[in-house]
Amino acid sequence: MRTREPVAVMAATRWLPAHRQQPDEVEEALRPADPGYAALAVSESLSGPELAVLAGRDALAGAGWDGADLGLLFYAWSHYQGHDFWSPAHYVADRLGANTALPLGIQQMCNGGAAAVQTAAAYLRGDPGCRRALIGTGDRFAEPGFRRWTGDYGVAYGDAGTAVLLSTEAEARPRLWLHTIATVATPELEAMTRGDDPASPAPRWLRGTIDIRATKKAFLRRLPRDHYATIERRKVTEVITTALADAHLTGDEPRLTRIVLPRFHSDTLESAYRPLVAELTTAAPVDFGRDTGHLGAGDLAAGLADLLGESLLAPGEFALVLSAGVGFTWSCAVVSRPERTE
Ligand SMILES: CC(C)(COP(=O)(O)OP(=O)(O)OC[C@H]1O[C@@H](n2cnc3c(N)ncnc32)[C@H](O)[C@@H]1OP(=O)(O)O)[C@@H](O)C(=O)NCCC(=O)NCCSC(=O)CC(=O)O
């Protein structure tokens, strides 16, 4: 999605629980042979939506906004939100005082945060009566339903809430400009997290603990060995080249200084993402994930927050921020830091 004009990013925050669980803290049977991360952020009690509220409060305070000013509150997640029949978007809106905003849950698994930012930007550009949006995410991958270190291939999971504030107000003085978000999908891969399982009448009916490795293996064994890797390579290439073209940038543009990687297992980054990124752009890869884990739907927003928090962009510089989720969907946002004169 190209924005006709850039959208102002007024704040981007991530709220991480203080505890960082190291692999050797995990009981032996559940300890990963090849952890791929130094540690994962673990919430001892707060749910995904509660983490999102904390991130949202920080974002509103940072921008000097009130929840009542928001026209939109979009919320994305990938895992269980704590209640069985419930709208977490409405909960986050209520806790942030966003009582006149449109609360909308956006579901695209771990790419949901990127989908929500993209959808909010399109909505803001399409509705002149709606100028301010908060995009939140929240995920907690707790036992007993989920094994954060060993439940999946390619990623281990950390807990976080995130929030991004977008504005189309003419007088906005943003922290970043959002120029575009490109997204590509491969629905033929949806069965990677369904496998051979029949549809069941209630959550965890077949297995008390989610087993993504089992469904992925059931899917992969039907295909040639490198089938997924070939698609991944093609789609990541497509999403990066589309984002660059939509933002009128080339991969070797000197102002394009960073590319933020998704918070995936180090083997996935080394084997798939880093070599590809090096072919497509001279921007320096940035990996914020080694002591947080993959943050569910929050990787893209947390990437924006860490770009800002670590002051990695000089005025006028651009960054790409990557995100991916099962389904599969890949997104690439293009942002820049405003010039000093803006
Ligand atoms: C493609 C991968 C499954 C490959 O995993 P590995 O690198 O560990 O590779 P691997 O070769 O060991 O394969 C994993 C297991 O599958 C088996 N396997 C693989 N291909 C096979 C085949 N053709 N026939 C039979 N078995 C096969 C292997 O033997 C192994 O089993 P065994 O283990 O028994 O030896 C993984 O890299 C992956 O899932 N990548 C995607 C990550 C990602 O982008 N995720 C999206 C965001 S997070 C997310 O996903 C959450 C969300 O969106 O909500």
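Me: How many salt bridges does the structure hold?
Reply: It holds 15 salt bridges. Before going on: this is a predicted model, where local features need pLDDT of at least 70, side-chain atom pairs count only at pLDDT 80 or more, and totals for chains, interfaces and linings use all residues. Residues are numbered from 1 along each chain as its sequence is written, and side-chain values use heavy atoms, with hydrogens and water left out.

Me: Why is the pair of aspartate 306 and arginine 14 called a salt bridge?
Reply: The rule asks for a side-chain nitrogen of Lys or Arg within 4 Å of a carboxyl oxygen of Asp or Glu. For arginine 14 and aspartate 306 the closest N and O atoms are 2.6 Å apart, so the pair passes. In general, side chains of opposite charge can pair when their charged atoms come close.

Me: What makes this pair a link between distant parts of the chain?
Reply: Aspartate 306 is in helix α7 (residues 299-309) and arginine 14 is in strand β1, 292 residues apart.

Me: Which domains is the chain divided into?
Reply: Domain 1 covers 2-174 and domain 2 covers 178-336, with bounds from an automatic or database domain assignment. Their centres, taken over C-alpha atoms, are 16 Å apart.

Me: How many residues of each domain are in contact?
Reply: 55 residues of domain 1 touch 45 of domain 2, where touching means heavy atoms within 4.5 Å. Two salt bridges are found across this interface. There are also 32 residue pairs in polar contact, both residues at pLDDT 80 or more. That term means a pair of N or O atoms within 3.5 Å; within protein, one must be able to donate a hydrogen and the other to accept it, and residues adjacent in sequence count only if both atoms are side-chain atoms.

Me: Which element gives the most to the side of domain 1 that touches domain 2?
Reply: That's β1, with eight residues.

Me: How much area do domain 1 and domain 2 bury between them?
Reply: About 3,900 Å², with 57% of it on carbon and sulfur atoms. This is called buried area because it is the accessible area (1.4 Å probe) that two parts lose on being put together, summed over both.

Me: Where are the cis peptide bonds?
Reply: One joins glutamate 143 and proline 144, with omega about 5°, and proline 144 lies in the loop between β6 and β7. Another joins glycine 327 and phenylalanine 328, with omega about 0°. Phenylalanine 328 lies in the loop between β11 (318-325) and β12 (329-336).

Me: What is listed about the phi of arginine 204?
Reply: Phi is near 55°, a positive value in a residue other than glycine. Arginine 204 lies in the loop between β8 (176-185) and α4 (212-220).

Key. Helices (H or I, at least four residues) and strands (E, at least two) are DSSP runs, numbered from the N terminus.
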